[in-house]
Amino acid sequence: QVQLVESGGGSVQAGGSLRLSCVVSGDIYGNYCMGWFRQTPGKEREGIGNIYPGSDSTYYADSVKGRFTISQDKAKNTLYLQMSSMKPEDTGIYYCAARRSLYGCGWSRTVPGDFGYWGQGTQVTVFS
């Protein structure tokens, strides 16, 4: 069983930065792919990046590539989403999620329906 708790949301001016955290309970190393998703107003929930904790490999959506970075602190059982050069269209509720995988993440399965474990979400607002 995996439990996820996000934090770090808030309001930031366009061009600024914010770091989200996701504290994980459960053994995810070598067993799970961890994803970050967001739900923006009027749109479906979308995958923005993932990390396979066992190998540290990451993938990103084109919309955030070069601006967002996913990392982890194994000692703290915590994942991070560092967001920089933020834009108003980054506004939304951000979620971390997990799905079982023994073989890494890839990108094609970074869709909400493939992830069985979800945090409660944290609101991010970017104002211009």
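# Close-up views of a predicted all-strand chain

**View 1. The whole protein chain.** The protein chain contains 0 helices and 11 strands, where helices (H or I, at least four residues) and strands (E, at least two) are DSSP runs numbered from the N terminus. This is a predicted model, in which local features need pLDDT of at least 70 and side-chain atom pairs count only at pLDDT 80 or more, while totals for chains, interfaces and linings use all residues. Residues are numbered from 1 along each chain as its sequence is written, and side-chain values use heavy atoms, with hydrogens and water left out. Read along the sequence, the pattern is β-β-β-β-β-β-β-β-β-β-β. The radius of gyration of the protein chain is 13 Å, close to the 14 Å that the globule rule gives for 128 residues, so the chain is as compact as a globular protein of that length; this radius is taken over C-alpha atoms, and the rule is 2.2 Å times the number of residues to the power 0.38. Along the principal axes, the C-alpha atoms of the chain fill a box of roughly 40 × 30 × 25 Å. Of the 128 residues, 46% count as buried, a word that here means under 20% relative accessible area, with exposed meaning over 50% and partly exposed the range in between (1.4 Å probe, protein chains only).

**View 2. The largest nonpolar core.** A nonpolar core is a set of buried Ala, Val, Leu, Ile, Met, Phe, Trp, Tyr and Cys residues joined through side-chain atoms within 4.5 Å. The largest one here has 28 residues, and those with the most contacts inside it are L4, M34, W36, L81 and M83. At least two residues of this core are supplied by each of β3 (18-25), β4, β5 (46-52), β7, β8, β9 and β11 (122-127), and the largest share, 4 residues, comes from β3. Apart from this core lies another, of 7 residues, among them C33, F37, Y95 and A97. In soluble globular proteins, nonpolar side chains tend to be buried together.

View 3. Contact means heavy atoms within 4.5 Å. Leaving aside neighbours within four places in sequence, L81 is in contact with L18, R19, L20, W36, I48, F68, T69, I70 and Y94. S21, found in strand β3, is buried with a relative accessible area of 13%. With the neighbours within four places in sequence again left aside, the contacts of S21 are V5, E6, S7, W36, T78, L79 and Y80.

View 4. Side chains of opposite charge can pair when their charged atoms come close. The structure holds 5 salt bridges, each being a side-chain nitrogen of Lys or Arg within 4 Å of a carboxyl oxygen of Asp or Glu. In one of them R38 pairs with D90, the closest N and O atoms being 2.8 Å apart. This pair links distant parts of the chain, with R38 in strand β4 (residues 32-39) and D90 in the loop between β8 (78-83) and β9 (92-100), 52 residues apart. D90 also meets R67 in a salt bridge (2.8 Å, N to O), and that pair again joins distant parts of the chain, since R67 lies in the loop between β6 (57-60) and β7 (68-73), 23 residues from D90. D90 is buried, with a relative accessible area of 0%, and R67 counts as buried at 11%; R38 is buried too. Together, R38, E46, R67 and D90 are linked in a network of salt bridges.

**View 5. The salt bridge of D62 and K65.** The side chains of D62 and K65 meet in a salt bridge with an N to O distance of 3.2 Å. D62 is exposed, with a relative accessible area of 66%, whereas K65, at 49%, counts as partly exposed.

**View 6. Strand β5 and its two partners.** Strand β5 is largely enclosed by the rest of the structure, because 6 of its 7 residues are buried. Two strands pair if DSSP finds at least two bridges between them; β4 and β5 pair in the antiparallel sense over 5 bridges, and W36 stands opposite G49 in β5. The hairpin of β4 and β5 has 6 residues between the strands, and in it G42 takes a positive phi near 80°. β5 and β6 also pair in the antiparallel sense, over 4 bridges, with Y52 opposite S57 in β6. In their hairpin, which has 4 residues between the strands, D56 takes a positive phi near 70°.
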